[in-house]
Amino acid sequence: MSSPEIASLSWGQVKVQGSTITYKDCKVWPGGSRTWDWRETGTEVLPSTVEYLKKQGIDVRVLQTEQAVKEYNALVAQGVRVGGVFHSTC
């Protein structure tokens with residue numbers, strides 16, 4: 001399964017290719033997407049989370065949202081299986 005492209009990003013709205021839902025914040029991964037309720041984990045990426053993922057051999061990038069979408073979509077266009085968490089109002 002491939003990762004879905006982020007079709008558009010604007011203040012308070014993220015549209016993901018293949019989804020009829022307009023998200024405020026979302027999680028995407030190869031084959032899907034869903035709403036990200038940041039009350040589950042907060043909006044900060046904890047250093048312990050980054051460390052854990054890197055130990056699993058996963059490349060981690062923590063970027064400002066617009067830059068993150070550009071980087072994510074560039075990887076998707078290259079056929080890389082990638083996931084992301086996007087917060088549209090920061």
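Tutor: Contact, or touching, means heavy atoms within 4.5 Å. By that rule Lys24 touches Gly12, Val14, Ser88 and Thr89, with residues up to four places away in sequence not counted.

Student: What kind of model is this, and how are residues numbered?

Tutor: It is a predicted model, in which local features need pLDDT of at least 70 and side-chain atom pairs count only at pLDDT 80 or more, while totals for chains, interfaces and linings use all residues. Residues are numbered from 1 along each chain as its sequence is written, and side-chain values use heavy atoms, with hydrogens and water left out.

Student: How do you know what confidence the predictor gives the chain?

Tutor: From pLDDT, the predictor's confidence in each residue, from 0 to 100. The chain averages 94, and 100% of the residues score at least 70.

Student: Where does Lys24 lie, and why is it called partly exposed?

Tutor: Lys24 is in the loop between strand E3 (22-23) and E4. Strands (E, at least two residues) and helices (H or I, at least four) are DSSP runs, numbered from the N terminus. As for exposure, buried means under 20% relative accessible area, exposed over 50%, and partly exposed in between (1.4 Å probe, protein chains only). Lys24 has 46%, so it is partly exposed.

Student: How many residues separate Lys24 from His87 in sequence, and what is the distance in space?

Tutor: They are 63 residues apart in sequence and 7.0 Å apart in space, C-alpha to C-alpha.

Student: What makes Asn73 buried?

Tutor: Its relative accessible area is 17%, which is under the buried limit, so Asn73 is buried. Asn73 belongs to helix H2 and touches Glu5 and Ile6, not counting residues up to four places away in sequence.

Student: What makes a set of residues a nonpolar core?

Tutor: The members are buried Ala, Val, Leu, Ile, Met, Phe, Trp, Tyr and Cys residues joined through side-chain atoms within 4.5 Å. The largest such core here has 13 residues, of which Ile6, Val14, Val16, Cys26, Val28, Tyr72 and Phe86 touch the most other members. Strand E2 (13-16), strand E4 (25-29) and helix H2 (65-77) each supply at least two residues of it. H2 gives the largest share, 5 residues.

Student: Which residues does Val28 contact?

Tutor: Apart from neighbours within four places in sequence, Val28 is in contact with Pro4, Ile6, Val16, Ser33, Tyr72, Gly83, Gly84 and Phe86.

Student: How do you know that Tyr72 and Phe86 are buried?

Tutor: Tyr72 has a relative accessible area of 3% and Phe86 one of 4%. Both values are under the buried limit, so both residues are buried.

Student: Why do the rings of Tyr72 and Phe86 count as a pair, and of which kind?

Tutor: Rings of Phe, Tyr and Trp (its six-membered ring) pair if their centres lie within 6.5 Å; planes under 30 degrees apart count as stacked, over 60 as edge-to-face and the rest as tilted. By this rule the count comes to 1 aromatic pair. The centres of Tyr72 and Phe86 are 5.4 Å apart and the planes stand at 80 degrees, so the pair is edge-to-face. Tyr72 lies in helix H2 and Phe86 in strand E6, so the pair ties together parts that are 14 residues apart in sequence.

Student: How do you know that E4 and E5 pair?

Tutor: Two strands pair if DSSP finds at least two bridges between them. E4 and E5 have 4 bridges, in the antiparallel sense. In E5, Gly32 is the bridge partner of Trp29, and Arg34 that of Lys27. The two strands form a hairpin with 2 residues between them, and Gly31 in the turn has a positive phi of about 100 degrees.

Student: Why are E5 and E6 placed at the edges of the sheet?

Tutor: The open sheet of 3 strands has the order E5-E4-E6, with antiparallel pairing. Strand E5 (32-35) and strand E6 (84-87) each have a single partner strand, so one side of each is left without a neighbour in the sheet.
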